[in-house]
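Work through the exercises below with the sequence and the 3D view at hand. Each task is followed by its solution.

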Amino acid sequence: MIKTFIYFCLGPVRSCFIKKSTLLLVFLQLGSINAFANQNCDENFTGGYDIVVIAGQSNAVGAGRGSVFENSYYTQPSVLSNICQVGRNLNADRSINIIDGGTRELQHVSYQDDGNHGFGQSFARRYSRHLLQSGRKLLIVPVAKGATSILAWDHLVQNLSGRNDSRYLYANMITRIHKALRQNPENKLVAVLWQQGEADIMAMSGGNSWHLVDHEPLNPNRFFEFHSNVYRNRLLNLHLNLRRRFCENSSECFAFLIGQPVDQWQAWHRPNQAPLSISRAKQRIKRIFFDMEESFNSVSVVRTQGLPSNEDLNDGSGGRGDNYHFSNEGLRLLGHRYFLKLKDYQ
């Protein structure tokens, strides 16, 4: 038996060294996958969807570099054909359609069709292989946008502004979840995967304070406490609002999984400026995550210790100073950890 694998080369062309025979085998494998992956990813599917929302900022969308090797166990047509997504047309945010999610990039708000894959596909493939019941499919609702604060997910800011564009993401997410649930009475919301916080960590540390709210000048300690309390309250409100909308009862509520930031991220490198220490703010954000985990049975924190960042790459595709984005391999492993958390919850 010939063992095949898929090689994703997302860096410069010169960094991709693949034998021609292997490359041909990969293309043949991808061709067979695509032939199956588009089957029944539409509104006419009657078997019922398990719905998983992926929300947050750039580490949810995917800003990784470097190659990634996926186990062929998770790239079989029988796995990929059961993964769908609520897609969107570029520059047409109101377009909502159910499309293939097994091989195509997940179409988040800041989806660029640039070859980057967040942790969502790694998670989805494992869910499809191990947790999906026979006759059902997985429907991913991708709603993340890079470089966004927790305020973009605040339902009060959304309502007061009266705006419904990609800068205010709460209404966008709710609209798409409703779309996914209405498609079939057998559909059910299984989980919300939340990977966000870097923008607010930077704000709490004194950089890019516009990420949060306009404020009167504060001394550094009051500034830190003010912003950390803003984050705590907004994340808690986001979770509670989702529960009020989509939980039939507390015993059957969806899982709310919160991913930590890159573990080794200790400083933010700014152009032509000294690095900004973010350790204190990151620890406070992580404490907020753990407090929510202790308060709700449906909340779990996904640890990120040991997952590589873009700065850790030694293949020429890394980025100096980019230690706050997971590499592509880090994202694959992060998706696996999200899957394990959800498996424990179920």
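**Exercise 1.** How much space lies in the largest pocket?

The model is predicted, so local features need pLDDT of at least 70, side-chain atom pairs count only at pLDDT 80 or more, and totals for chains, interfaces and linings use all residues. Residues are numbered from 1 along each chain as its sequence is written, and side-chain values use heavy atoms, without hydrogens and water.

Step 1. The largest pocket holds about 380 Å³. A pocket is an open set of points on a 1 Å grid over the protein atoms alone where a 1.4 Å probe fits, with protein on both sides within 12 Å along at least five of seven lines. The volume is the space filled by probe spheres set on the points.

Step 2. Its lining has 15 residues (an atom within 4 Å of a point). K188, L189, V190, E252 and F254 lie nearest the centre.

Step 3. Strand β7 (a DSSP run of E, at least two residues) gives the most to this lining, with three residues.

**Exercise 2.** Find which way the residues of strand β11 point.

Step 1. V299 and V301 point one way, S300 and V302 the other.

Step 2. All of them are buried (under 20% relative accessible area, 1.4 Å probe, protein chains only).

Step 3. Strand β8 runs parallel to β11, joined by four bridges (strands pair at two bridges or more in DSSP). L257 has S300 as its bridge partner in β11.

Methods. Buried < 20%, exposed > 50% of the residue type's maximum accessible area, 1.4 Å probe, protein only.
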